[in-house]
Amino acid sequence: MNSTLLLDIFNLSLACSIPILLVLLLTPLLDRRYTAKLRYWVWLALGIRLVLPFQLPLTSLFTQTIAPMAVQDIPVVALPQQPTNPVNFEEIAPAAGGATAPEIVASANAASITLFDILLLIWIAGILVVLLRHVYTALRLRRHLRRWGTPCTDVSVLECVARTRKEKHMRRPVRVVISNIAESPFTTGLFRPILVLPEHFCQDNLNWVVQHELVHIKRFDLAYKLSLSFVTAMHWFNPLVWQMCRMAGKDLELICDEQVIRGTGRLQRTAYSEAILQQVCTKRSALSSASTGFSADAKFLKERFQHIMNPNKKRRGLPILITILLCIVFVGSLAACKLESQAERKNTPSIATDSSTAESRTPNVETRPNATGAAYMVPLADYQIDRTYSSEHPAIDFTGAENASIFATAGGTVITAEFASNYGYYVIIDHGNGITSLYAHCASLSVQAGDTVAQGTAIAEVGSTGQSTAPHLHFEMLQDGVNIDPAPLLGL
């Protein structure tokens with residue numbers, strides 16, 4: 001589970017980095033011809049995709065079409081299930097002190113820490129650090145406003161805010177607070193918006209400042225910034241995601257500029273640019289993802305002024321937006337499809353067949369006859385017993401050649417075929433009547449959960465995966481979930 005989650009997150013982050021990098025490189029070209037809203041929606045779509053580390057329903061048909069094509073070259077056949085000889089279960093006594101397979105797996109997992117466990121802890125720690133940083137700056141800003149902020153009593157300011165709210169058809173009330181620590185105007189408060197003005201505020205720029213900040217409030221730009229903050233926390237290891245969020249914050253300012261200067265002439269645009277220049281914060285302040293304000297660097301200020309003074313009307317770029325959004329929707333699914341096809345190739349080896357082979361699926365055509373005539377057969381052809389069954393070791397360890405075939409001890413249904421940190425690649429087969437067999441430390445698997453196998457069917461290969469020091473087969477048999485000695489059943 002840990003490895004699957006981390007691989008999904010990393011794969012999604014890597015896949016989404018492609019459209020992020022593409023949009024960043026094309027930003028100068030897009031900015032000359034299209035409005036900032038184009039990138040606004042692109043960043044939003046990317047942010048949503050980055051927090052959904054699974055295949056989207058809209059792409060299920062696409063993935064179902066592509067994924068089978070990746071493994072369609074694997075020929076498969078079917079074998080009829082051979083009936084197994086009956087076993088006198090009354091003669092089989094459970095071993096004293098035997099433990100169930102789930103208990104063994106749980107105890108081994110508790111005692112071992114894998115690389116994926118460490119990476120998962122590092123990823124979670126990074127998320128917590130980024131989120132706590134955002135929470136700290138938000139609480140600090142709130143504390144400063146409570147301590148040094150005072151409600152505005154200036155009638156001209158309150159009238160300007162009321163008039164602008166009416167012009168922009170805003171229903172939410174906006175509090176106006178004067179703060180002696182604020183270096184430039186900004187807004188905060190997601191549900192109860194607050195317009196914060198510096199103590200020594202230039203009244204000449206009041207109208208422009210109020211219009212700009214109320215556009216932020218009306219557009220719910222603070223919620224947009226907070227959402228992207230969660231994206232950066234989830235993908236804190238990806239520098240392109242951080243750059244995407246920084247560019248999204250700048251695009252919010254450009255969108256506000258576009259709405260404020262809409263329908264104005266050159267003189268009004270010049271006055272608005274001067275207002276920005278006078279109110280901009282040149283020092284690093286408490287502004288964070290919990291607020292929106294005039295803070296900007298010199299390079300971005302120049303870009304904003306060029307954007308404001310450009311008289312050419314820009315296009316919305318709807319066709320380009322739709323194309324980019326479709327790429328974003330499918331890019332993660334293509335990556336997921338690639339992982340699924342690789343996993344299926346790994347767990348489903350190629351099988352040599354001839355023209356007379358049936359077309360229905362079975363895990364493997366290689367079989368081995370039961371030479372002993374016992375109800376259950378030894379799962380290896382050439383082997384040595386390295387360790388016998390005991391209460392401390394409720395299994396038999398067979399030493400065999402690496403990559404040698406492992407055979408089903410009896411016919412049954414595969415109920416588990418996966419990887420575990422202690423067992424490595426392992427298979428569990430249900431033989432009916434409460435009897436199951438377990439094959440651990442395999443190099444690779446030839447079956448999947450749900451497959452029906454006959455006695456002597458090759459199900460895996462000898463390996464040394466999991467907690468193992470040399471190639472061998474760790475073989476267990478259980479009756480009603482309790483380990484039993486396999487030796488009498490195998491005729492050993």
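**Around Arg219 and Gln259**

Let's start at Arg219: setting aside neighbours within four places in sequence, Arg219 is in contact with Lys37, Tyr40, Leu252, Ile255 and Gln259, where contact means heavy atoms within 4.5 Å. This is a predicted model, in which local features need pLDDT of at least 70 and side-chain atom pairs count only at pLDDT 80 or more, while totals for chains, interfaces and linings use all residues. Residues are numbered from 1 along each chain as its sequence is written, and side-chain values use heavy atoms, with hydrogens and water left out.

Where does Arg219 sit? You will find Arg219 in the loop between helix H7 (206-218) and helix H8 (221-234); helices are DSSP runs of H or I with at least four residues, strands are runs of E with at least two, and both are numbered from the N terminus. With a relative accessible area of 18%, Arg219 is buried (buried is under 20%, exposed over 50%, partly exposed in between, using a 1.4 Å probe and protein chains only).

Gln259 counts as partly exposed because its relative accessibility is 24%. Beyond its neighbours within four places in sequence, Gln259 touches Lys37, Val215 and Arg219. Gln211 lies 48 residues away from Gln259 along the chain, yet their C-alpha atoms are separated by 9.1 Å.

Stepping back to the whole protein, the secondary structure comes to 13 helices and 15 strands. Of the 492 residues, 46% count as buried. Among contacts between residues at least 6 apart in sequence, 73% join residues at least 24 apart.
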